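Visitor: I would like to learn how to read a few features from a model like this one. Could you take me through them?

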Amino acid sequence: MTTTPGSVAQTTTGVAAGLAILYFLRPVLVPFFLAVLLRILIAGIVSLVVRLLPRAPRWLILIATAVIVAFSAYSIFIVILQGMSDLAKQAPLLPARIDSLIRSVNVGFGRRFDLATVLGLIDIRSLEHGLASGIGDAVSKAFLTLFFFVFMLLGPGTDSDPKIIGITSNGARANSQRVVLSKIASRVQMYLISQTAINLAIAAISAAVFRFAQLPDTAFWSVTVFLLAFMPVVGPFVASIVPALFAAIHSGSIALPLGVFVIVLTVFQIAHNLIMPKVQAKSTNTDPLVGIFALGIWTLLWGVPGAILATPLTVLMMVIAAQFQSTRWLAILMSHDGVPDAVDPQSSAT
């Protein structure tokens with residue numbers, strides 16, 4: 001089936017309607033997709049461990065993996081809350097520290113930076129209120145994510161879900177839909193596992209750098225680097241600049257934070273430009289420009305969680321669009337090499 005202007009217009013209208021739904025239902029959809037990605041990640045880890053340990057009971061591996069992932073997510077959540085709380089307590093002291101640091105540095109043409117002028121443009125109370133509101137919103141999303149995750153973990157998988165058979169008219173079509181769902185889950189699993197492993201390595205190296213620089217709240221900044229590493233393009237720079245700024249505030253010098261910035265950014269560049277393309281060649285295959293565009297769209301729709309989820313959700317959308325002839329043109333535009341995925345002849349829809 002060839003692509004027609006009518007199918008393109010229909011797909012475009014559907015995408016616009018979908019974006020509107022994603023925006024208005026974000027309080028529920030953000031925790032839901034977080035839970036979905038956690039469930040897919042656990043399934044991928046379980047499959048990997050089963051291949052490495054074929055004699056181990058699958059149910060035991062599933063329980064152990066779920067407990068480890070849940071405990072890790074809980075630990076990350078607690079570290080972030082504690083770190084944000086510490087930042088809120090330090091907020092009144094930061095202007096004086098920044099002022100004492102930058103007054104010793106010439107901005108240019110013999111002039112010195114006047115911090116008071118800049119701080120006069122910032123509403124500190126609104127900033128603190130926004131930080132407190134963000135903490136409360138994070139807590140509510142975490143509990144809702146846990147709620148979704150538990151039900152997904154206890155529910156049937158795509159291979160044994162009777163709903164797939166119930167919504168189809170025959171067994172052959174149900175089987176083809178299982179193939180499509182399995183292909184989608186496999187691609188997302190490959191991305192999540194490789195991305196998580198690379199991000200853990202980046203966070204571990206960054207933690208060693210932060211510890212050497214004697215940066216307070218090393219665990220918080222390491223977790224922040226781990227999460228920001230999921231964001232394409234923007235994440236590495238933010239994860240390099242912000243800890244370096246706080247290192248400058250606490251150290252009172254320029255050389256140490258500059259070293260933190262250069263080392264962390266170099267680690268990101270090596271991981272994202274040399275290692276990640278080779279590891280994720282078959283799992284993402286998204287165009288870099290599409291990745292940046294998707295980052296802006298998901299951030300606009302869902303804020304910081306949307307920025308973190310931008311790449312896996314884009315990969316998910318591309319793989320889904322590639323399975324059907326009517327939307328395959330969209331998947332081709334989103335892909336890097338123009339070959340997003342082969343369409344299963346039994347599962348393609350007109």
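Guide: Let's begin with accessibility and backbone angles.

Visitor: Is Q214 buried or exposed?

Guide: The class comes from relative accessible area: buried is under 20%, exposed is over 50%, and partly exposed is in between, with a 1.4 Å probe and protein chains only. Q214 has 68% relative accessibility, so it counts as exposed. This is a predicted model, in which local features need pLDDT of at least 70 and side-chain atom pairs count only at pLDDT 80 or more, while totals for chains, interfaces and linings use all residues. Residues are numbered from 1 along each chain as its sequence is written, and side-chain values use heavy atoms, with hydrogens and water left out.

Visitor: Where is Q214 found, and what is its phi?

Guide: Most residues other than glycine have a negative phi. Q214 is not a glycine, yet its phi is positive, near 55°. It sits in the loop between α8 (171–212) and α9; helices here are DSSP runs of H or I with at least four residues, strands are runs of E with at least two, and both are numbered from the N terminus. That loop between α8 and α9 also holds D217, another non-glycine residue with a positive phi, about 55°. With 27% relative accessibility, D217 counts as partly exposed.

Visitor: How are α2 and α13 arranged?

Guide: The axes of α2 (residues 26–52) and α13 (residues 304–322) come within 11 Å and cross at roughly 55°. The two helices are therefore oblique to each other, and the crossing of α2 and α13 is left-handed. α2 has 27 residues and reaches 38 Å from its first C-alpha to its last, close to the expected 39 Å. Its buried residues include L29, V30, P31, F33 and A35. In α13 we find L309, buried with a relative accessible area of 3%. L309 and L227 are 82 residues apart in sequence, but their C-alpha atoms are 9.9 Å apart in space.

Visitor: Which residues of α12 are buried?

Guide: In α12 the buried residues are V290, G291, A294, L295, W298, L301 and W302. Seen down the axis of α12, they fall within an arc of 140°, so they line one face of the helix; the arc is that of the directions from the helix axis to the C-beta atoms. On the other side of α12, L289, F293 and L300 are exposed. The 15 residues of α12 (residues 288–302) should span 21 Å, and the end C-alpha atoms are 21 Å apart, which agrees. G303 follows α12 and has a positive phi, near 75°.

Visitor: Where does UniProt place the feature "transmembrane region"?

Guide: An unreviewed UniProt entry places it at residues 6–25, 32–53, 59–81, 191–213, 219–242, 254–275 and 295–320. UniProt positions are in the numbering used here, feature names are shortened, and annotations may be inferred rather than shown by experiment. In the model, residues 32–53 are 95% helix and 0% strand, with end C-alpha atoms 31 Å apart. Residues 59–81 are 100% helix and 0% strand, and their end C-alpha atoms lie 33 Å apart.

Visitor: How many residues apart in sequence are Q82 and F220?

Guide: They are 138 residues apart in sequence and 7.8 Å apart in space, C-alpha to C-alpha. Q82 belongs to α3 (residues 58–90) and counts as partly exposed at 46% relative accessibility.

Conventions: The expected span of a helix is 1.5 Å times one less than its number of residues. Axes are lines fitted to C-alpha atoms, for helices over the stretch in contact, and angles run from 0 to 180 degrees between N-to-C directions. Angles under 35 degrees count as roughly parallel, over 145 as roughly antiparallel, 65 to 115 as roughly perpendicular and the rest as oblique. A crossing is left-handed if the near helix is turned anticlockwise from the far one by less than a right angle, and right-handed if clockwise.
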